[in-house]
Amino acid sequence: MTIEPGFPLAASAIAQEERYGAANYLPLPVVLVRGEGVHLWDEDGRRLLDMMSAYSAVSFGHGHPKLVAALIDQARRLAVTSRAFHTDRLGPFLARLCRLTGMDQALPMNTGAEAVETALKAARKWGHTVKGIADGQAEVIVARGNFAGRTTTIVGFSSEPQYRRGFGPFAPGFVSVDYGDPQALEAAITPNTCAFLVEPVQGEAGIVVPPAGYLKAVREICTRRGVLLICDEVQTGLGRTGRVLACQHEGVRPDGLTLGKALGGGLLPVSAFLASAEVMAVFQPGDHGSTFGGSPLAAAVGEAALQVLVEEKLPERAAAMGEALLGKLRALARPAITEVRGKGLLIGVEIDPAFASARQVCEALLREGVLSKDTHGTVVRFAPPLTIEPRHLDEAVAALDRALRSLA
Ligand code: PLP
């Protein structure tokens, strides 16, 4: 590919992205300029209903006034100090986060992938120092279909060929088992197994809900076999599935937990690894860190986000709105839709590939004023802000109906 040097600075935003940016995304053909609540506006002033909420990061809606106020207020006062010093914001944030999730301690990072990397380091070091696994021999079991981010370690245990192709060599020490099958986990455990890393609902895999009782069974196996259960709730956590944590649907308390996305209030990248005190005790000063992780700005916004989550009863809202949306989508009963599945406001609509690709459906939805995103070719994701109201659900379902008709 030749790239001409004199490309005009004033060309369209899409043309500039394509000329000066890497092609690692294939965005829908829309240029967004403003957001408020469940709506986004494009550069022509057209209002669109956001049924994707930045892959579940914008659970509170765009520009939530309390979160924006917390951001601006803290940015004016003190934004970034590094963890070389204490600040007045980090302690209260961590305390609220631990109280809300029932975990003992938290380690703040920025992106979801960093929270997962932190979990992997904690698990391996726990395996070595507490369980007695030889240094460098610890194994982590993961579920096929997992998505935990894009670092080289994480894509190394992905089962999606495209995420791995050309990016090796990968870190050893990962074993994959089928998702939703507790026996497969049990069979894969060896004396070197330190942890099982699992999403309570697989998001990027296409909103895959495991059989009822799966997480409870997995908890029992991990406890009995001396293996840490680490739930990756970067996408499912903080109300998305109708509970504060998705693992609470089965009364499960994991040994380690990753949160991200919505933790930043839809404004900043804020993530955390949370754990029991025993697991977190593996970290000594100098073992791990992040320049921006736990900054006063991140902590202030994260704390405000947790406050809004509780005040606005967003997990309860997600449960009620999710059930309503699942019902409405199922009632559409169009042959192009082969399955509607999900939990709370994390819903996947499986499209018959003989009818259209999920991408084509998302493009048609955009024409009908609704933003969504395909995943894995055949699934249209509906994961709107948890603040969504019943009338918006009706709008989204009517738009899907029109979109499917337009493609027929
Ligand atoms: N874990 C899960 C379950 C996710 O869904 C994601 C992102 O979609 C991640 C981790 C990675 O988060 P990030 O993109 O912020 O690195």
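**Exercise 1. The open sheet**

In what order do the 4 strands of the open sheet stand, and is their pairing parallel or antiparallel? Work from the predicted model shown above.

*Solution.* 
Step 1. The strand order is 11-12-15-14, and the pairing is antiparallel.
Step 2. Strand 11 (337-343) and strand 14 (373-375) form the edges, each of them pairing on one side only.
Step 3. On average, neighbouring strands of this sheet are turned by 30° against each other, direction ignored.
Step 4. Consider next the pairing of strand 14 with strand 15 (residues 379-382): these two are antiparallel and joined over 3 bridges. Within this part of the sheet, T375 is placed opposite V379 of strand 15.

**Exercise 2. Helices against the sheet**

Determine which strands helix 12 touches and which strands helix 13 lies across.

*Solution.* 
Step 1. Helix 12 (residues 314-332) packs on the sheet through strand 11, strand 12 (346-351) and strand 15. Its direction makes about 175° with that of strand 11.
Step 2. Helix 13 (residues 358-367) lies across strand 12, strand 14 and strand 15. The angle between helix 13 and strand 15 is about 45°.

**Exercise 3. A hairpin**

Describe the hairpin of strand 1 and strand 2, and identify the residue with a positive phi.

*Solution.* 
Step 1. Strand 1 (residues 32-36) and strand 2 (residues 39-42) run antiparallel and are joined by 4 bridges.
Step 2. E36 faces H39 of strand 2.
Step 3. The hairpin has 2 residues between its strands, and G37 adopts a positive phi near 60°.

**Exercise 4. The ligand site**

Which residues surround the ligand, and how many of the shell residues are nonpolar, polar and charged?

*Solution.* 
Step 1. The surrounding residues are T111, G112, A113, F147, A148, G149, E199, E204, D232, V234, Q235 and K261.
Step 2. Sorted by class, this shell comprises 4 nonpolar, 4 polar and 4 charged residues.
Step 3. Apply the cut-off for a polar contact, a pair of N or O atoms within 3.5 Å. An N or O atom in the side chain of K261 is 2.7 Å from an oxygen atom of the ligand. For D232, a polar side-chain atom lies 2.8 Å from a nitrogen atom of the ligand. F147 contributes a polar backbone atom, 3.5 Å from a ligand nitrogen atom.
Step 4. The ligand taken alone exposes 390 Å², of which the protein buries 82%.

Note on methods: Residues are numbered from 1 along each chain as its sequence is written. This is a predicted model: local features need pLDDT of at least 70, side-chain atom pairs count only at pLDDT 80 or more; totals for chains, interfaces and linings use all residues. Side-chain values use heavy atoms; hydrogens and water are left out. A residue is near a molecule or strand if one of its heavy atoms lies within 4 Å of it. A polar contact is a pair of N or O atoms within 3.5 Å; within protein, one must be able to donate a hydrogen and the other to accept it, and residues adjacent in sequence count only if both atoms are side-chain atoms. Accessible areas come from the Shrake-Rupley method with a 1.4 Å probe; for residues, only the protein chains shown count as cover. Ala, Val, Leu, Ile, Met, Phe, Trp, Tyr, Cys and Pro count as nonpolar, Asp, Glu, Lys and Arg as charged, and the others, Gly among them, as polar. Two strands pair if DSSP finds at least two bridges between them. Axes are lines fitted to C-alpha atoms, for helices over the stretch in contact, and angles run from 0 to 180 degrees between N-to-C directions. Contact means heavy atoms within 4.5 Å.
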